Amino acid sequence: MRQKFVAGNWKMNLDLDDGKDLLIEIINSSIDSTAQIIVIPPYIHLSKFNQLLTSSNIALGAQNCHQQDSGAFTGEISVPMLKSVGVEYVVLGHSERRNYYFEDSISLSFKVQQVLDHGLRPIYCCGETLDQRQEGLHFDEIRTQLKEGLFKLNEMELLNCVIAYEPVWAIGTGVTASPEQAQEVHSFIRKTIASVYGDMVADNISILYGGSVKPDNAKELFNCPDIDGGLIGGAALNADSFAAIANSF
Ligand code: PGA
């Protein structure tokens, strides 16, 4: 059975004190889910959160990383640094990084490799803009993002990746892809993987949906056959709504 995930991407929100309060609320919110829960706070929270999560099943994720181990890269954070504070997952290629920091799928492929080489798991985001969807280009865009970002990997490496489909038009907008729209793209992603890596890899890779997931739409989305969980933004900043989404599995 494919692994399920509910991952909360806090983006650039909450200082350390407020972040600790929210994490403690999440820990105490009696999440009872078959999904692996991941909290993905800003970098400066990670070390403290690692201590707070020692007796919890919640895993820790980071929002980005650099593609080299160390060196003169002012302002960057390396994968060995993330590993040293207990990070297990790294989000790569979020549309905010692609749009505001000009990250592209080819440069992301080096980060993906770096994360895997250190034994962590990438959460690789892909998705189309509204214009691309309206012009019917969304499948081409997603295929290109997958091919350039991931398809240099071998089978085992790809199976260690988690994919997140995040239509850019649904992120932070309150507009969610309908379960039918999301399922259609998830199924396309799985078929694209199958065409390169075969059915075993395609059937076993987890594909998350992201974009305005809320407690009232999570169940319907997670019930779709090719949706294996969610990457949650805004609704992850409230313990009750994050727990309700997690408990939708
Ligand atoms: P949202 O963000 O849930 O606030 O739409 C999703 C994401 O950016 O991963």
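**Close-up views of the ligand and its protein chain**

View 1. A backbone N or O atom of Gly233 comes to 2.9 Å from an oxygen atom of the ligand. The protein covers 96% of the 280 Å² of accessible area that the ligand has on its own. Please keep in mind that this is a predicted model.

**View 2. His94 and Glu166 reach the ligand with their side chains.** Here a polar side-chain atom of His94 lies 2.6 Å from a ligand oxygen atom. For Glu166, an N or O atom of the side chain is 2.7 Å from an oxygen atom of the ligand.

**View 3. The ligand sits in the second largest pocket.** Which residues are around the ligand? They are Lys11, His94, Glu166, Ala170, Ile171, Gly172, Gly211, Ser212, Leu231, Gly233 and Gly234. Sorted by class, this shell holds 6 polar, 3 nonpolar and 2 charged residues.

**View 4. Stepping back, the protein chain has 12 helices and 8 strands.** Its radius of gyration is 17 Å, close to the 18 Å that the globule rule gives for 249 residues, so the chain is as compact as a globular protein of that length. The C-alpha trace of the protein chain spans about 45 × 45 × 35 Å along its principal axes.

Key
Residues are numbered from 1 along each chain as its sequence is written. This is a predicted model: local features need pLDDT of at least 70, side-chain atom pairs count only at pLDDT 80 or more; totals for chains, interfaces and linings use all residues. Side-chain values use heavy atoms; hydrogens and water are left out. A residue is near a molecule or strand if one of its heavy atoms lies within 4 Å of it. A polar contact is a pair of N or O atoms within 3.5 Å; within protein, one must be able to donate a hydrogen and the other to accept it, and residues adjacent in sequence count only if both atoms are side-chain atoms. Accessible areas come from the Shrake-Rupley method with a 1.4 Å probe; for residues, only the protein chains shown count as cover. On a 1 Å grid over the protein atoms alone, a cavity is a set of points where a 1.4 Å probe fits but cannot get out, and a pocket is an open set with protein on both sides within 12 Å along at least five of seven lines; lining residues have an atom within 4 Å of a point. A molecule sits in a cavity or pocket if more than half of its atoms lie within 2 Å of its grid points. Ala, Val, Leu, Ile, Met, Phe, Trp, Tyr, Cys and Pro count as nonpolar, Asp, Glu, Lys and Arg as charged, and the others, Gly among them, as polar. Helices (H or I, at least four residues) and strands (E, at least two) are DSSP runs, numbered from the N terminus. The radius of gyration is taken over C-alpha atoms; the globule rule is 2.2 Å times the number of residues to the power 0.38.
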